[in-house]
Amino acid sequence: MITHAQRFPSPHPQITLFKITYKSEGLTVKGLLAIPEHQTQPLPGFLYLRGGIKKVGMVRIPRIIQLASQGFVVMAPFYRGNEGGEGREDFCGEDRCDAFHAFEVLQSLPSVDQDQLHIFGFSRGGPMAFFTALKFPEARSLVIWGGVSDMVLTYEERVDLRKMMKRVIGGTPAKNPEGYRTRSPVYFCDELNVPLLLIHGSRDENVGIKHSLMLKECLEPKKKVESWFYPQYTHHFPPQENRKITYAFCEWMKTQNKEKPELSPL
């Protein structure tokens, strides 16, 4: 799945970092891959799906190292059109395929435990992560932090993003309702079969907590969903609290064991 891998300077002496190139629907896409060294057994795989668009919200090396130091092989796509990749992002439209193929990159790595694959999405990466979990129900867990669940709500909340959304989605919600619907997890709750953890700050003005509340409401009580809501925090948590919560959700991921179907009696 990986067409090129180049060693990248790592700030952690026990984590090897690569800038990789892989294919997504015929396009060349770039990303980061972090692999803890000196492991005798395959490690859980972690797909990290960034927020923002273009340079805003770009993958940060310290964040990837932080996650890899919890014992994961971490794959973090930049999405198409970024850092030398081909194509253009379209805000969880066709570019969600970049996440799908990044998940397949994790599946292809001998250093990854194929029975322990996890998906994480932040902000705009939330719907990217949600649809990846629909595509790959074998994933053990899904964590969405401050994630978008309804693109129409984002259009209403974020006046500063409307020009971009009209450009990449193809008009306003009134002009292209299907373009917004197909990017919105709240319309696909029945299809989710991966345990989900929602993390959100109640004072978030970038992605209002209503997004997580709507998703939680549409999933319960039929689906396995847990929520960690923090009334004192905004979209970006204080660094110390971010570290604590990151450690906690990584531990939560490791406890998620999907039930195997019972065999029918002979």
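The buried residues of helix 1 are Arg-63, Ile-64, Ile-65, Gln-66, Leu-67 and Ala-68, where buried means under 20% relative accessible area, exposed over 50% and partly exposed in between, with a 1.4 Å probe and protein chains only. That makes six of the eight residues in helix 1, so this helix is largely enclosed by the rest of the structure. Helices (H or I, at least four residues) and strands (E, at least two) are DSSP runs, numbered from the N terminus. The model is a predicted one, with local features needing pLDDT of at least 70 and side-chain atom pairs counting only at pLDDT 80 or more, while totals for chains, interfaces and linings use all residues. Residues are numbered from 1 along each chain as its sequence is written, and side-chain values use heavy atoms, with hydrogens and water left out.

Stepping back to the whole chain, the protein has eight helices and nine strands. Its radius of gyration is 18 Å, which agrees with the value near 18 Å for a compact globule of 266 residues; the radius is taken over C-alpha atoms, and the globule rule is 2.2 Å times the number of residues to the power 0.38. The C-alpha trace spans about 55 × 50 × 45 Å along its principal axes. Of the 266 residues, 56% count as buried. Taking contact as heavy atoms within 4.5 Å, 70% of the contacts between residues at least 6 apart in sequence join residues at least 24 apart.

As for the surface, the accessible area comes to about 12,500 Å², and 52% of that belongs to carbon and sulfur atoms. Areas come from the Shrake-Rupley method with a 1.4 Å probe, and for residues only the protein chains shown count as cover. There are 34 positive and 29 negative charges, with mean positions 5 Å apart. Lys and Arg count as positive and Asp and Glu as negative, leaving out His and the chain ends; each charge is placed at NZ of Lys, CZ of Arg, CG of Asp or CD of Glu.

Then there are the aromatics. A search of the whole structure turns up 15 aromatic pairs, a pair being rings of Phe, Tyr and Trp (its six-membered ring) with centres within 6.5 Å; planes under 30 degrees apart count as stacked, over 60 as edge-to-face and the rest as tilted. Phe-46 and Phe-72 have ring centres 5.3 Å apart and planes at 70°, so they make an edge-to-face pair. This pair links distant parts of the chain, with Phe-46 in strand 4 (residues 43-49) and Phe-72 in the loop between helix 1 (61-68) and strand 5 (73-77), 26 residues apart. Phe-46 is buried at 0% relative accessibility, and Phe-72 is buried with a relative accessible area of 0%.

Tyr-48 and Phe-120 form a stacked pair, 5.5 Å centre to centre with 15° between the planes. Tyr-48 sits in strand 4 and Phe-120 in strand 6 (residues 112-122), so the pair ties together parts 72 residues apart in sequence. Tyr-48 counts as buried at 9% relative accessibility, as does Phe-120 at 1%. Phe-46, Tyr-48, Phe-72 and Phe-120 belong to one aromatic cluster, which also includes Trp-145, Tyr-230, Tyr-233, Phe-237 and Phe-249.

Two other residues round out the picture. Thr-132, in helix 3 (residues 125-135), is buried at 0% relative accessibility. Neighbours within four places in sequence aside, Thr-132 contacts Leu-47, Leu-49, Ala-99, Phe-100, Phe-103 and Ile-119. Pro-9, by contrast, lies in the loop between strand 1 (2-8) and strand 2 (15-24) and counts as exposed at 64% relative accessibility.
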